[in-house]
Amino acid sequence: MVKTFFYILFGVLLLWGDNLLLAQQINYDESKVPAYTLPDPLVMENGVKVTTPAQWWKQRRSAILKIFDENVYGKVPGKLQHITFRVREISRKALDGLAIRKQVTVLFTGNDSGPKMDLLIYIPNSSKKPLPAFLGLNFYGNQTVCKDTGIFLCRSWVRNNPDFGIYDHRATGASRGVRASRWPVKKILASGYALVTACYNDIDPDFDDGFQNGVQPLFYKPGQQRPAPDEWGAIAAWAWGLSRALDYLETDPDIDAGRVAVMGHSRLGKTALWAAAEDQRFAMAISNMSGCGGAALSRRQYGETVERINTSFPHWFCANFKMYNDHEDALPVDQHELIALIAPRPVYITAAVEDRWADPKGMFLAARYATPVYRLLGKTGLPDHAEMIPGKPVMGTIGFHIRPGMHDVTSYDWQQFLLFANKFLKK
Ligand code: GCU
């Protein structure tokens, strides 16, 4: 009894101490945002101004991409020669006849001995093929997006979550449909889009194991134990996996691989932006509440900071990114340039009023400061009249909304994604 009391007291003190620490480190006060100067996406490192699309395409874009590659997310070390696709299942009468369901495994080593990614694909039966698609990674397995019992259970390590029916890092049948609120499958299909998803842990399980599992070891040279300081962390690996999903979609006659929107929430929103920056085959990017290391400007140090994210999630970015812990000013790029790398393709960015951790204003400003690149390429970017008003989305080539509420993907968010996609991906 006495012992239990002390354990509880100890626990409370620990939590309290952690919060005190947090309160000191994390800034939510706009007046305490440090003064900063952003790198200009349209000025080259030698000071020359970029005034033509040709200069952007030939010089500036690749220079910015290289900086992100080597200092933020990390480079993909090479190509895998033996990736194969295995169609595990096709059902033409899924979801009460509404959809074709395909389940395809991407075998990264060409066989079952290596890591593999299970794709779940829904294609509306009633729409004329080939169709545009949303492609997004999920957190807890394909079976969580919908109650459909035909979906194969996730085979990878997943974060424990008893509320979601996940124990011992394995998905169980009890996890079917637990994330359905984030994936309005029927609405997406009824709007004339296919939906493609995979669990991000299939590519690289989301915990820090020194890069021993996931796809990184497939690229190690003899004797190499972990990625070099400028080589990929988990976010770059997840983004690479999205590109491999797109490789498959290019072979699927029901999908128009030229009209795929890559979408993600939070850490996977960061991933969606990086995937679209790295792989110009993605026609659109949708980044839901991506925050630090996503659409939010690092230099503002509002909410989550570079130091904080590198400490809590040491495996997400490349090792070089740690050099900028509490030295955001030394970063040769900032996140508005990540958005600029997606130009002239449409990109949609969201925030939530209560999700201060992800710095809504920092994301809005990044959209604004990416806009000169869109304009140079003949697109609107974020419209000049755009303001950050909760519940009032803006939709230029860069779209943005902030909605009331918390860090989540809601039906409101999807309603805007569909409207935004309808503007650009419908024929
Ligand atoms: C944490 C992390 C964020 C991330 C989020 C998520 O809150 O600090 O950077 O976006 O997890 O992925 O849910």
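**Entry 1. The largest pocket**

I began with the lining of the largest pocket, which draws at least three residues from each of domain 1 (29-73 + 290-407) and domain 2 (80-262). I note that the model is a predicted one. For the volume of this largest pocket I recorded about 380 Å³. I then listed its lining: 21 residues take part, and Phe139, Ser266, Arg267, Trp316 and His407 are the closest to the pocket's centre. Sorted by class, the lining of the largest pocket comprises nine nonpolar, five polar and seven charged residues.

**Entry 2. The ligand**

I next asked which space the ligand takes. Around the ligand I found Ser266, Arg267, Lys270, Glu304, Ile309, Phe313, Trp316, Trp357 and His407. I sorted this shell by class as well and counted four nonpolar, two polar and three charged residues.

**Entry 3. Polar atoms at the ligand**

I looked up how far polar side-chain atoms lie from oxygen atoms of the ligand. For arginine 267, a polar side-chain atom is 2.5 Å from a ligand oxygen atom. For serine 266, the distance from a polar side-chain atom to an oxygen atom of the ligand is 2.7 Å. Lysine 270 likewise places a polar side-chain atom 2.8 Å from an oxygen atom of the ligand. I then asked how much of the ligand's accessible area the protein covers. On its own the ligand has 320 Å² of accessible area, and the protein covers 82% of it.

**Entry 4. Cavities**

Last, I turned to the cavities. Rolling a probe the size of a water molecule over the atoms shows where empty space is left. I recorded four cavities of 30 Å³ or more in the structure. The largest cavity holds about 110 Å³ of space. It is lined by 14 residues, of which Leu137, Asn138, Phe139, Arg182 and Trp183 are the closest to the centre of this cavity.

How values were computed:
Residues are numbered from 1 along each chain as its sequence is written. This is a predicted model: local features need pLDDT of at least 70, side-chain atom pairs count only at pLDDT 80 or more; totals for chains, interfaces and linings use all residues. Side-chain values use heavy atoms; hydrogens and water are left out. A residue is near a molecule or strand if one of its heavy atoms lies within 4 Å of it. A polar contact is a pair of N or O atoms within 3.5 Å; within protein, one must be able to donate a hydrogen and the other to accept it, and residues adjacent in sequence count only if both atoms are side-chain atoms. Accessible areas come from the Shrake-Rupley method with a 1.4 Å probe; for residues, only the protein chains shown count as cover. On a 1 Å grid over the protein atoms alone, a cavity is a set of points where a 1.4 Å probe fits but cannot get out, and a pocket is an open set with protein on both sides within 12 Å along at least five of seven lines; lining residues have an atom within 4 Å of a point. A molecule sits in a cavity or pocket if more than half of its atoms lie within 2 Å of its grid points. Ala, Val, Leu, Ile, Met, Phe, Trp, Tyr, Cys and Pro count as nonpolar, Asp, Glu, Lys and Arg as charged, and the others, Gly among them, as polar. Grid points are joined across faces, edges and corners, and a volume is the space filled by probe spheres set on the points. Domain bounds come from an automatic or database domain assignment.
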